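This report describes how a single protein chain is put together. The sequence and structure are shown below.

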Amino acid sequence: MKKKKGIKKIIIGIIIVFVIIIGLITFMAVKELQEEDILKQEIINYSNKDLITDDFKIEVKTTGDRAYIEEAVKKYYKSLSDSVKAINSYLNDEELTNILTVNSLRNDSPNYTKSHNLISNTKSKVGKELENIKSLCEEDTIKNLIDKDKLSDSEYYYDFYLDLMYTKKDLETLNSTKEEMETLSNNLNEFLDKVDEILTFLETNANYIEYTDTNINFTNDALLNEYNNLLDELTSKANNMTQEESDI
């Protein structure tokens, strides 16, 4: 009788352990599914943020392989946002936007050294950020954002990552963005080159120019006409840039 009771206790103990194991497995499976949903939502949230105005603070909300993917993706969007914000800051710099005002021209005449340097530095800094954006839009950049060797379940979670970041729609968006950055880069360089051309024109013809508090006066009508033509060309380029940016 005692032997039967002992066997019964062992069986009950085995059943309890089995139930606990099953419970733990179920709990972990549910937790993993919940974290996958969190990861999906976090990536959706980041992809929908405004690159200029929104904050891209990196706060990881998942664990394990999912945390590695989440952090990598959030760093990706932060890098993209940082470059866009930097470009916006450079192009809205007060010295740049006022570079052809009478006050700025008068103070920097007759050689306009500060203005020439400002244009050169702006082209360099903006160009660097545009190259970073274009690099981030390369297909290889997206594919290699995740190192499979750092994933415990490499095949499953790498495919999971690609399903989130490497869809046909994603690739179309990336290619479109690259083309837009190329167009923006070309247009911006043409615009700044035209500003530089105007400064060079003023420098070359300094002997025919007089500045007042509110005006720039030419003592030669032909030069005045040429100056106005250069300004018209600059305005045309600015309008084209504005139109193309609104189409993006």
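**Overall make-up**

The model is predicted. Its protein chain contains nine helices and two strands. Read from the N terminus, the elements follow the order α-α-α-α-α-α-α-α-β-β-α. The protein chain has 248 residues, of which 30% are buried. Of the contacts with a separation of 6 or more, 70% are between residues 24 or more positions apart.

**Helix packing**

Two packed helices are described by the angle between their axes and the distance between the axes.

| Helix pair | Angle between axes | Axis distance |
|---|---|---|
| H5 (residues 113-136) and H8 (residues 168-204) | about 175 degrees | 10 Å |
| H2 (residues 64-91) and H5 | roughly 155 degrees | within 9 Å |
| H2 and H7 | roughly 30 degrees | within 11 Å |

With an angle of about 175 degrees, H5 and H8 are therefore roughly antiparallel to each other. The residues in the contact of H5 with H8 comprise 12 nonpolar, seven polar and seven charged.

H2 and H5 cross at roughly 155 degrees, which makes H2 roughly antiparallel to H5. The crossing of H2 past H5 is left-handed. On the H2 side, the contact is made by Tyr76, Ser79, Leu80, Ser83, Val84, Ala86, Ile87, Tyr90 and Leu91. On the H5 side, Thr122, Lys125, Val126, Glu129, Leu130, Asn132, Ile133 and Leu136 take part. Sorted by class, the contact of H2 with H5 has 11 nonpolar, four polar and two charged residues.

H2 also packs with H7, their axes crossing at roughly 30 degrees. This crossing of H2 and H7 is right-handed. H2 contributes Asp65, Arg66, Ile69, Val73, Tyr76 and Tyr77 to the contact, and H7 contributes Tyr157, Tyr161 and Met165. The contact of H2 with H7 holds seven nonpolar residues, no polar ones and two charged ones.

**The nonpolar core**

The largest nonpolar core has 51 residues. Those with the most contacts inside this core are Ile69, Tyr77, Tyr161, Met165, Leu202, Phe218 and Tyr227. At least two residues of the core come from each of helix H1 (2-47), H2, H5, helix H7 (154-165), H8, strand E2 (216-218) and helix H9 (221-247). H8 supplies the largest share, 11 residues.

Tyrosine 77 is one of the core residues with the most contacts. Which residues does tyrosine 77 touch, not counting those up to four places away in sequence? They are Tyr46, Ser47, Leu51, Phe56 and Met165. Met165 is also among the residues with the most contacts inside the core, and Met165 of H7 and Tyr77 of H2 both belong to the contact between those helices.

**Leucine 188**

Leucine 188 is found in helix H8. Its relative accessible area is 6%, so leucine 188 is buried. Apart from neighbours within four places in sequence, leucine 188 is in contact with Leu91, Val126 and Met241. Of these, Leu91 of H2 and Val126 of H5 also take part in the contact of H2 with H5. Leucine 188 and alanine 238 are 50 residues apart along the chain, while their C-alpha atoms are separated by 8.9 Å.

Is asparagine 107 buried or exposed? Asparagine 107 belongs to helix H4. With a relative accessible area of 56%, asparagine 107 is exposed. In sequence, asparagine 107 and tyrosine 211 are 104 residues apart, and their C-alpha atoms are 9.6 Å apart in space.

The loop between helix H4 (102-108) and H5 contains proline 110. The peptide bond from serine 109 to proline 110 is cis, and its omega is near 5 degrees. The loop between H4 and H5 also holds tyrosine 112. Tyrosine 112 has a positive phi, near 55 degrees, although it is a residue other than glycine. Most residues other than glycine have a negative phi, and most peptide bonds are trans. Tyrosine 112 has a relative accessible area of 1% and is therefore buried.

Note on methods:
Residues are numbered from 1 along each chain as its sequence is written. This is a predicted model: local features need pLDDT of at least 70, side-chain atom pairs count only at pLDDT 80 or more; totals for chains, interfaces and linings use all residues. Side-chain values use heavy atoms; hydrogens and water are left out. Axes are lines fitted to C-alpha atoms, for helices over the stretch in contact, and angles run from 0 to 180 degrees between N-to-C directions. Helices (H or I, at least four residues) and strands (E, at least two) are DSSP runs, numbered from the N terminus. Angles under 35 degrees count as roughly parallel, over 145 as roughly antiparallel, 65 to 115 as roughly perpendicular and the rest as oblique. Ala, Val, Leu, Ile, Met, Phe, Trp, Tyr, Cys and Pro count as nonpolar, Asp, Glu, Lys and Arg as charged, and the others, Gly among them, as polar. Buried means under 20% relative accessible area, exposed over 50%, partly exposed in between (1.4 Å probe, protein chains only). Contact means heavy atoms within 4.5 Å. A crossing is left-handed if the near helix is turned anticlockwise from the far one by less than a right angle, and right-handed if clockwise. A nonpolar core is a set of buried Ala, Val, Leu, Ile, Met, Phe, Trp, Tyr and Cys residues joined through side-chain atoms within 4.5 Å.
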